[in-house]
Amino acid sequence: VATAIREIELSGPLGPLEDLHGYARAMLVVRWRRRILGRAFVPVADGRLDEQEVRSAIRAGLPADAWLRWLEDTVGYDERARFGGPLPTATIAICTRERPVDLRRALQAVSRVVDAVPGTDVLVIDNAPSSDATRRVVQDYPRVRYICEPRRGLNVARNRALIEARGDIVAFSDDDAAPEPEWLDALCANFGDPRVLCVTGLTLPAELETEAQELFEEHTPFGRGFRRHVFDGQRDNPLHVGPVGAGANMAVRRNIAGRVGPFDERLDGGTPTRSGGDHEMFARILGAGYRIVYDPAAVTWHTHRRSMESLFATVYGYGVGVYAMWTGLLLERRELGAIKLAWAWFRHGQVPVLLSGLRDRGHHTRARLVREELRGCLHGPRAWFQARRLRHAGS
Amino acid sequence: MAAISIIVPTRDRPDSVARLARALASQEPIDGGFELIVVADGCTDATVRRLHAMPTPPDTRILEQPAAGPAMARNCGAALAASDLLLFLDDDVEPQTGLLRAHLALHASRAGAVAIGYLPPVVSHGFFGAALRGWWESMFDALREPSHRYTWRDLLSGHFSIRRAHFEAIGGFNPALRCHEDWELGYRLIRAGYAFVFLADAAAWHHEHSDVNKALRRKFDEGVADVQLVGMHPELVTALPIGWPAHDISIARAQRLAREHPAVGDRLARVLQHLLPLYERWRLRFRWRAALERLMTYWYWRGVSAAAGTPHRIASLVAAAGTRDLAEPLVLDLAQGLPEAVRRIDAVRPRAVRLLYRSDVVGDIPDQPGAEPLRGVHLPAALARPLAREYATALARDGVLPALLASPEINFHPAAPHLAASVESLRTEDRVRA
């Protein structure tokens, strides 16, 4: 049932795809001169795809406006160039905790980014470590600075990165993600607009080898499409931040805390709320009238959790985090819109999947995922109060 | 002689002028230095006395005039300037260190340029502050784009520089206007062929202390000014809200209230304005924005009605503008290659362009009242955005667009038949002219 991931460069000759034995389908990532135009899924038979099958899959799977990316390239138009000027300096920050194998892979990818942008500052924030495994991995990469943050919490680590960073922009990447060499420049090119406080990028699956990874990609994909989009606090609903992106692939201005405050340390991994720290920051940025850009030119490849247990735990954590975030926004900032959003998500997002799970046994696992998510949602408000209590006790 | 004369009109804001003077004193040094001319326009407090008492840059003059508006104040300041280069700044701006150097460098390299500087806003917290930052920055969004086509409305009297000879030749600001006097000057400058240039490096913090009340009063003044502008330059009517059809029922209602029942309209506006803090308290930002939008529309039309007098006068102003003569477009065949089309546009500087691809009509970049003639750099942006579909269709038909990318969005039918009909005649005329 696994899915092979292959890249197709349209500016070169197309040919058959071999060596797909053991895969039921393929995910074709289609590029035009490195720029990703879209992706297409195609079933695989006999371990190969002939050229005609590849062409048909691309034709059927590409977004209807993929031609626009090609046209922009042909006429030499880049909408980010409007803000011109040299790119700002940047720091890459990886927040991690006891995942040395993943971290080594991430640092290898980051090294290629640094080769492309020499002089880039790289930080590894080791969050409340219980061993020196992370420190030992970082020692193998002399261009990387190791920072130990003893207080537990992903948002605590993010705030530490903002303090330690030397660049004007802090680009966050996960320890289980591998950014492409052009990733950092693509993120930074969007900061010419002074209203942009945050930029998110396209996150694609590095592998779809297990059922859990397939389900994750289907149920909660990190990718937000192949078209650049500007989210504007003057126009868009600041609470509806799902389409904005995710913390696994985001960059913020180093001085963001002075504009809208630091990351909320009651939220996200390492706290009872489990997630939601990135989305709460997005909501605050938009709520203050600033902008966030989603730019699919900033590509990173994420290794999703391989086991079903991890997947269920992750989805449960997302439910907890979202509702904890909404609880905070409602109680502390009087954001009544959170109630409306919670109802809309339940009515139009979760209920249909639950019902289809009851009707069709084929959708049973998907329904189970939603049940886990709902369990998390119900626990979210309580988790927010727990996290607040812990934070008060800690401070 | 100073290298640059800085002219600052002010009214009852001595603290702001002091901040400006401090910022100018810490500018990067420039050859020849600068002079500062502060024109106190109808000050009613102790502004002039305080200005004399405060530390100012060495070459500073303080003038006083009875209340005659900022346009007249700027003209008076310019008349006394000793330098060949004039820099106009508002009193609520705080120049960043490289501002003077950036203006001087631009004028040293480009004769006949009018340099518009950047004014990043400093605003208060809350919905209104965020909205203000949004409006203010969006003005500069377009200016930053290399492919921006400058128009008369891009000139900002709060921060721009111009050669003194050019300012005098054009006749300076029109003192009859108390608002939009910069737009009116911008129109005359563009029409006379001066090139606008946006200087992102010349930045001055704009300490915007406006509030909802001031913003609505400003909208009223804009309505008054637009009636005056149309009286002076009737051809601009289609570029101003006064000349646009009411495309929305709320605009039509605001127009009717302002025109026919201003007493009722004013009361309703006050009630709506009282709701704004409630909406903000409960974070109902979409309602807040809609309410503010309605209020601004109402007060704009209230200003229009107050200035125009009778409803008949507004209609006659719009009608008098009539249909203006549009410039004949330059016809270009994109099949000759994009670089060639860009080169032709740069050589001819047409007001409008009609784009063909062999026998297909791709579309027009139309004439705009008060816009600069076209430059080559405008073409790629037009092809990648408003004309993208038509251009891609033409490229697909010619086999240039990779077949795998030709989606149903690209239609293969001849585009815009009404344009196609006129193409042949234009081509013939073009050949005759050539």
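This note sets out, in numbered points, the interface, salt bridges, strand pairing and backbone angles of a predicted model.

1. Basis. The model is predicted, so that local features need pLDDT of at least 70 and side-chain atom pairs count only at pLDDT 80 or more, while totals for chains, interfaces and linings use all residues. Residues are numbered from 1 along each chain as its sequence is written, chains are lettered from A and ligands numbered from 1 in the order in which they are written, and side-chain values use heavy atoms, with hydrogens and water left out.

2. Extent of the interface. The contact (heavy atoms within 4.5 Å) involves 40 residues from chain A and 38 residues from chain B. The size of an interface is often given as the accessible area lost when the parts come together. Here the two chains bury about 3500 Å² between them, with 60% of it on carbon and sulfur atoms; buried area is the accessible area (1.4 Å probe) that two parts lose on being put together, summed over both. On the chain B side, Arg385(B), Leu404(B) and Leu405(B) lose the most area to chain A, together 21% of what that side buries.

3. The rule finds 6 salt bridges between chain B and chain A, a salt bridge being a side-chain nitrogen of Lys or Arg within 4 Å of a carboxyl oxygen of Asp or Glu. In one salt bridge, Glu335(A) is joined to Arg285(B), with the closest N and O atoms 2.9 Å apart.

4. Composition of the chain B side. Helix H5 (127-144), helix H11 (285-308), helix H14 (378-384) and helix H15 (388-397) of chain B each supply at least two residues of the side that touches chain A. The largest share, 9 residues, comes from H5(B). Helices (H or I, at least four residues) and strands (E, at least two) are DSSP runs, numbered from the N terminus. By class, this side has 23 nonpolar, 3 polar and 12 charged residues, where Ala, Val, Leu, Ile, Met, Phe, Trp, Tyr, Cys and Pro count as nonpolar, Asp, Glu, Lys and Arg as charged, and the others, Gly among them, as polar.

5. Salt bridges in the whole structure. Over all chains, the search finds 72 salt bridges. Arg305(A) pairs with Asp102(A), the closest N and O atoms being 3.7 Å apart; this pair links distant parts of the chain, 203 residues apart, with Arg305(A) in the loop between strand E12 (291-302) and helix H10 (308-333) and Asp102(A) in helix H3 (residues 100-116) of chain A. Arg305(A) is partly exposed at a relative accessible area of 27%, whereas Asp102(A) is buried at 15% (buried means under 20% relative accessible area, exposed over 50%, partly exposed in between; 1.4 Å probe, protein chains only).

6. Further salt bridges. Arg391(A) and Glu265(A) form a salt bridge with their closest N and O atoms 2.8 Å apart. Arg391(A) lies in helix H12 (residues 364-394) and Glu265(A) in the loop between helix H8 (256-260) and helix H9 (277-287) of chain A, so the pair ties together parts that are 126 residues apart in sequence. In chain B, Arg343(B) and Glu340(B) form a salt bridge at 3.0 Å between the closest N and O atoms; the two are 3 residues apart in helix H13 (residues 338-348), about one helical turn. A network of salt bridges links Asp193(A), Arg195(A), Asp232(A), Arg291(A), Glu137(B), Asp141(B) and Arg144(B).

7. Strand E12 of chain A. Of the 12 residues of E12(A), 11 are buried. E12(A) pairs (DSSP finding at least two bridges between two strands) in the parallel sense with strand E9 (residues 196-205) over 9 bridges, and Leu204(A) stands opposite Trp301(A). Strand E10 (residues 229-232) runs antiparallel to E12(A), with 4 bridges, and His229(A) has Tyr294(A) as its bridge partner.

8. Positive phi values. Most residues other than glycine have a negative phi. Ala128(A), however, has a positive phi of about 45 degrees, and Asp268(A) one near 85 degrees. Ala128(A) is in the loop between strand E5 (121-127) and helix H4 (133-139) of chain A and is buried at 13% relative accessibility. Asp268(A) is in the loop between H8 and H9 of chain A and is buried at 6%.
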